[in-house]
Amino acid sequence: MSLLAELSYWQQTSIRVGAGLVAVILVAGTLVMVHLFKLVSFMQSRLGPMEAGPFGSLQLLAEVGKHLQKEDIVPRKADKFVFAAAPFVVLASTFLLVVVLPGGPDAWFIQNDLGIYLAMAVSSVSVIGILMAGWGSANKYSLLGGLRATGQLIAYELPLILAVVGVVIQAGSMNLQTIVYAQANGEIFGWGGIGNPYVLTQGIAFFLFLTAMQAELTQTPFDMPIAESELVSGYMTEYSGMRFLLFFIAEFATAGVFSAIAAVLFLGGWYIPGIDPDDNIMNVLGPLVMFVKVVGLTFIVFWVRFSFPRFREDQLQRLAWKFLIPLALLNIVVTAIFKVWI
Amino acid sequence: MSDFLRSYLTVGIFGLVAVVLVGVLLGLGRILRPSNPTVQKLETYESGVDPTGDMWSQANIRYYIFALLFVMFDVEAVFIFPWAMRLEAYALFGLIEMAIFIYILLLGLIYAWRKGMLRWV
């Protein structure tokens, strides 16, 4: 926005922080409402929340109100500082992820050539938060859940990172904005009608990314860390009231942000075919396009979540190390050969 | 301040906002919620029975081995990124260099595989 460029850094940053807050809360709220409350209910032949507001649309506000009034219980034996600090670390990790996302030619939070690299780096911070929660609770279930979560998140971070490398090779940049432009200006066999969304050329990477994303978000079939039937919600066992809700918000906000990253890397980001990507109107339409793509991708996440049973711990590690990582390495090699020769 | 450093300042501000947001939400709850701790309530949860033994119990050594493997592969993934960005400029030279690098990476994985480190028993 030319308007934005005239403002000083602090004014611009205030606007960006506001937009970031809206992006995180709006997306997380939509996901909980549309996917967790309604989609799942319909899949299981029930109506879901219907009481608060028309068709239960105000259920979310009711939930927040409920959790605000709940007593905050910190177990006597818990490591109190680590226990209290864990939600801060987990939510901060989500917020740091959001900064790399572009929403239009001028609607970005930061312009940094290390974009996707930064995102991959800060996404690992949540592992520390989860381990802190598991350890600080001083509960056998929590410790086991925290360890399982750590083992799972680090194992699936490798396919996630290696899948991104394929896109970075093709776009020749780690800046997410540049990756969007590379897709918008791309051509499919000389035809540039819809650009070149990398899902077409990096289909394997897209599959790897979605699978690893499912595991990173600890959604079923990768939900051993929070397995409620064996570990009683794992690292969240001892958390109650508002602290529990914070973990919950972080879970859904992270689902939204990861889907947004996948949308930028593979589905062309905020670009609409037919409209010049530098047109000023894209600053308004771009975020909407991103929102639609995020809701679409998270639909897949939740569809899978409520369709498949849970893996065993050994099956989980086997899938990551013996299938996804070799496949990701193969994808890098093939992409590199195509890049150099064609 | 250069644009590059400024973008990291923005990242820092976002982190700070997250911490403040969590603080505000927890502070808001403190005003609204009751506080009535009892001895039984503050007990560690263990399926409704009195907890036994040490809470920080021993865990499977496999977690540690997988963490070690991860560190090795993650550090190597860091080296792949700069190459991936500049591949067009390096062309065939870069391709062969990286093929050797990924081959060595793969050897490490195969070694761990053969040693049975990827098995969860």
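This is a predicted model: local features need pLDDT of at least 70, side-chain atom pairs count only at pLDDT 80 or more; totals for chains, interfaces and linings use all residues.

Reply: Residues are numbered from 1 along each chain as its sequence is written, and chains are lettered from A and ligands numbered from 1 in the order in which they are written.

The helix names follow DSSP runs (H or I, at least four residues, for helices; E, at least two, for strands), numbered from the N terminus. The 19 residues of α4(A) should span 27 Å at 1.5 Å a residue, and this agrees with the 29 Å between its end C-alpha atoms; the expected span is 1.5 Å times one less than the number of residues. Because 14 of its 19 residues are buried, α4(A) is largely enclosed by the rest of the structure, a residue being buried if 20 or more other C-beta atoms, placed from the backbone, lie within 10 Å of its own, exposed if 12 or fewer, and partly exposed in between.

α4 (80–98) of chain A is also among the elements that give two or more residues to the side of chain A that touches chain B. That contact takes 64 residues from chain A and 56 residues from chain B, with two residues in contact if their C-beta atoms, placed from the backbone, lie within 7 Å. The largest share of the chain A side, 15 residues, comes from α14(A).

In α14(A) there is likewise a kink of about 30°, at L324(A), shortly before the proline P326(A). Its buried residues, W321(A) and L324(A) among them, pack against α7 and α10 of chain A together with α2 (62–85) and α3 (87–114) of chain B.

As for confidence, chain A averages a pLDDT of 83, and 98% of its residues score at least 70, pLDDT being the predictor's confidence in each residue, from 0 to 100. For the complex, the predictor gives an ipTM of 0.81 and a pTM of 0.87.

Notes. The bend at a residue is the angle between axes fitted to the seven residues ending there and the seven starting there.
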